[in-house]
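This report looks at surface patches and helix faces. The structure comes first, then the details.

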Amino acid sequence: MTDHGLIDHGLTDRTGRHVTLRGVDGDNWRAVADIAPLDGQRDHVAALAGRYLLLSLYEDTWHSLAVYGDDTVTGHVMWARDDDGSYWIGGMVVDGPEQGKGLGRAAVRTLTGWLARRDGCEAIRLSYDPANTVAGSLYASLGFRPTGAREDDEVVVELAAPLVR
């Protein structure tokens, strides 16, 4: 599905597990597809990460990555590059039982560090439902600031400069 190998920023979650991002492949795609948020989060993200995998397969925009805590698939995140040179993060889902352990924070920090080092990275953006206050707080704490733009009904935020290179 993707040619990305291991993306490692040396981060751990609050339980001490090493958090990495890995390409989705024949060995892990089923575990990634089965990632599900908590029931109350389904207004903000897909019911299963499998929907995001299909976007990555059938559209040329998004690239899916598996989020690992040590050797266990714990989530999904995807990235894309826009025509203006910006990179986007989307489709982040941490499996319901794995939430609250710092996996999402470590995954976003790992991905933003990797994207910032890519050639031509002008900005890193993402969007989220404004009703998803947990996501909004997470992204703000990681340095994302509102751009004033909207993507459908979602707030667009951008990682404040300078980007890590």
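## Basis

Helices and strands here are DSSP runs, numbered from the N terminus; a strand takes at least two residues. The model is predicted.

## Negative patch

Asp152 sits in the loop between strand E7 (144-151) and strand E8 (154-159). Asp152 is exposed, because its relative accessible area is 72% and the cut-off for exposed is over 50%.

Asp152 also belongs to a negative surface patch.

## Helix H2

Helix H2 spans residues 50-58 and contains Ser56. Ser56 is buried, with a relative accessible area of 16%. Its C-alpha atom is 9.4 Å from that of Trp79. Along the chain, Ser56 and Trp79 are 23 residues apart.

Tyr58 lies in helix H2 as well. Buried or exposed: which is Tyr58? Tyr58 is exposed, at 68% relative accessible area. Together with Leu54 and Leu57, Tyr58 makes a nonpolar patch on the surface. The accessible area of this patch is about 360 Å².

## Helix H4

Which residues of helix H4 (residues 133-141) are buried? They are Ala135, Gly136, Leu138 and Tyr139. These residues lie on the same side of H4, because they cover an arc of only 165 degrees around the axis. In general, an α-helix has 3.6 residues a turn, so residues three or four places apart point the same way.

The face of H4 turned away from its buried side carries Thr133 and Val134, which are exposed.

Notes. Residues are numbered from 1 along each chain as its sequence is written. This is a predicted model: local features need pLDDT of at least 70, side-chain atom pairs count only at pLDDT 80 or more; totals for chains, interfaces and linings use all residues. Side-chain values use heavy atoms; hydrogens and water are left out. Patches are made of residues with over 30% relative accessible area and no salt bridge: like charges are joined within 9 Å, nonpolar side chains (Val, Leu, Ile, Met, Phe, Trp, Tyr) within 5 Å. Accessible areas come from the Shrake-Rupley method with a 1.4 Å probe; for residues, only the protein chains shown count as cover. A salt bridge is a side-chain nitrogen of Lys or Arg within 4 Å of a carboxyl oxygen of Asp or Glu. Lys and Arg count as positive and Asp and Glu as negative; His and the chain ends are not counted. The place of a charge is taken as NZ of Lys, CZ of Arg, CG of Asp or CD of Glu. Helices (H or I, at least four residues) and strands (E, at least two) are DSSP runs, numbered from the N terminus. Buried means under 20% relative accessible area, exposed over 50%, partly exposed in between (1.4 Å probe, protein chains only). The arc is that of the directions from the helix axis to the C-beta atoms.
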